[in-house]
Amino acid sequence: MITNVRLMWLAFLTVLFALAQAVMAQARPESLAPLAEQISPAVVNITTSTLIEGRTGPQGIVPEGSPFEDFFREFQDRNGDNENRPRRSNALGSGFVISEDGFIVTNNHVIAEADEILIEFFPGDGQPKKELPAKVIGTDEKTDIALLKVEAQGPLKYVKFGDSDTARVGDWVIAMGNPLGQGFSVSAGIVSARNRALSGSYDDYIQTDAAINRGNSGGPLFNMEGEVVGVNTAILSPNGGSIGIGFSMASNVVIKVVDQLREFGETRRGWLGVRIQDVTEDMAEAMGLDKPGGALISDVPDGPAKEAGLLAGDVIINFDGVEVKDTRTLVRQVGETTVGKSVRVVVFRDGSTQTVLVTLGRREDAERAENGESSSTAKPETAEKELMGLVVSPLTDAERTELGLDEDVAGLVVKSVDESSEAFEKGLRTGDVITEAGQQKVTSLADLDARIAEAQEAGRKSLLLLVRRGGEPRFVALSLAK
């Protein structure tokens with residue numbers, strides 16, 4: 001009896017498993033054609049034209065006085081005039097329509113410096129090819145996004161953005177565009193990786209193995225619901241062709257940029273006004289943090305952070321209610337926050353947390369502004385001291401001038417570095433200036449000795465130094481074991 005019941009349960013489970021497989025097979029489409037037909041009318045080819053001036057200056061190909069000079073001059077007179085005339089250079093790219101009134105998204109590099117921009121729409125079955133001129137509404141070099149506008153006689157087919165944060169590694173995606181100038185093309189693949197960073201401060205790329213080639217730039221990356229989850233921007237390739245490593249700027253980044261370009265014609269990113277670096281394990285230990293994390297402030301120039309009271313050596317662990325994991329996430333969080341908003345910034349300072357209210361400025365204004373510094377000098381000392389693999393001495397006026405430092409910079413200059421030391425391994429070099437030790441200013445050898453003694457008394461294994469090179473600050477933690 002028991003055997004029969006077991007057999008019945010086994011048969012039931014077998015049938016249930018077979019039904020589950022059948023349901024999964026039905027859920028997965030046999031063809032992507034219906035989806036491609038649905039979204040393709042919103043995908044466009046982009047042709048740009050740029051006027052390039054002819055070559056100027058000496059064009060001779062033989063030395064002056066050569067017996068062949070008259071011959072080659074006559075040859076150039078007959079055949080070389082065209083080389084000196086202005087000529088047009090054409091480029092191809094892709095894009096997609098995001099509204100029925102004609103707003104189009106593409107890459108900035110597709111239309112940069114273009115004099116004319118022509119949009120070619122997907123013709124569809126039996127439909128004639130349609131082309132419209134476009135004007136630039138706004139561009140953003142940091143995310144390589146551009147917003148264009150065409151004037152059409154009627155409403156245009158368009159696609160919507162999806163939530164790129166929901167895209168999972170392994171999800172199916174479709175790339176559409178104009179690869180290598182071959183016209184409309186569809187390729188399929190999966191999300192290979194998330195949160196890729198290439199070179200910019202605001203990078204958040206989706207990596208995909210869907211074929212992306214030259215000409216696909218600016219085209220959309222779709223999920224299986226027909227929503228845009230990325231803008232195809234770059235490929236990694238040794239030969240310029242697709243090898244299955246393509247990158248699309250995540251839609252959640254693009255949406256914010258496009259909204260600002262549409263409203264203002266430019267981006268308006270939040271600005272905190274600090275220089276930051278990641279917190280390493282030895283830095284965390286030196287400061288008394290439980291674990292590495294957050295963003296360590298290495299410098300606070302004039303700006304919102306300084307006005308609010310943030311200090312060099314503070315570790316930002318929470319920004320506007322969101323945990324700060326590292327410098328990259330903080331830069332994105334700040335940039336995506338509304339200019340003029342007052343936000344709560346939680347920092348780790350002197351062994352405890354503090355909350356500072358900061359009213360954000362605008363990054364674009366800060367980047368255009370000229371920096372100005374006040375001047376003050378510290379009294380020089382002539383003694384030198386060797387410690388932690390370094391030979392240091394107080395910074396003099398002559399050294400300050402020689403190193404190109406501002407007049408108010410004071411500290412200890414590195415005279416030499418033992419190449420076998422930890423300091424050398426961590427990048428310290430002759431000419432670096434130590435301005436803080438143990439998160440306190442140092443202007444004399446006595447100050448440094450005091451900071452070392454304090455760290456040792458507190459049981460620290462390392463000492464945190466703030467080092468400047470060419471005016472740029474960074475923190476370095478050196479071991480106190482030796």
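How many aromatic pairs does the count come to? The rule takes rings of Phe, Tyr and Trp (its six-membered ring) whose centres lie within 6.5 Å; planes under 30 degrees apart are stacked, over 60 edge-to-face, the rest tilted. By this rule there are 2 aromatic pairs. This is a predicted model, where local features need pLDDT of at least 70 and side-chain atom pairs count only at pLDDT 80 or more, while totals for chains, interfaces and linings use all residues. Residues are numbered from 1 along each chain as its sequence is written, and side-chain values use heavy atoms, with hydrogens and water left out.

Take Phe96 and Phe161. Their rings are edge-to-face, 5.9 Å centre to centre, with 80° between the planes. Phe96 lies in strand 2 (residues 87-97) and Phe161 in the loop between strand 6 (145-150) and strand 7 (172-177), so the pair ties together parts 65 residues apart in sequence. Strands here are DSSP runs (E, at least two residues), numbered from the N terminus. Phe96 is buried, at 0% relative accessible area. Phe161 is partly exposed, at 21%. Buried means under 20% relative accessible area, exposed over 50%, partly exposed in between (1.4 Å probe, protein chains only).

Now Tyr205 and Phe247. Their ring centres are 6.3 Å apart and their planes at 75°, so this pair is edge-to-face. It links distant parts of the chain: Tyr205 in strand 9 (residues 205-208) and Phe247 in strand 12 (residues 246-250), 42 residues apart. Tyr205 is buried at 6%, and Phe247 is buried at 7%.

Charges meet rings too. The charged end of Arg268 sits over the ring of Phe264, 3.9 Å from its centre. That of Arg429 sits over the ring of Phe424, 3.7 Å from its centre. The test asks for NZ of Lys or CZ of Arg within 6 Å of the ring centre and within 35 degrees of the ring normal.

Definitions and conventions:
Helix = DSSP H or I, 4+ residues; strand = E, 2+ residues; numbered from the N terminus.
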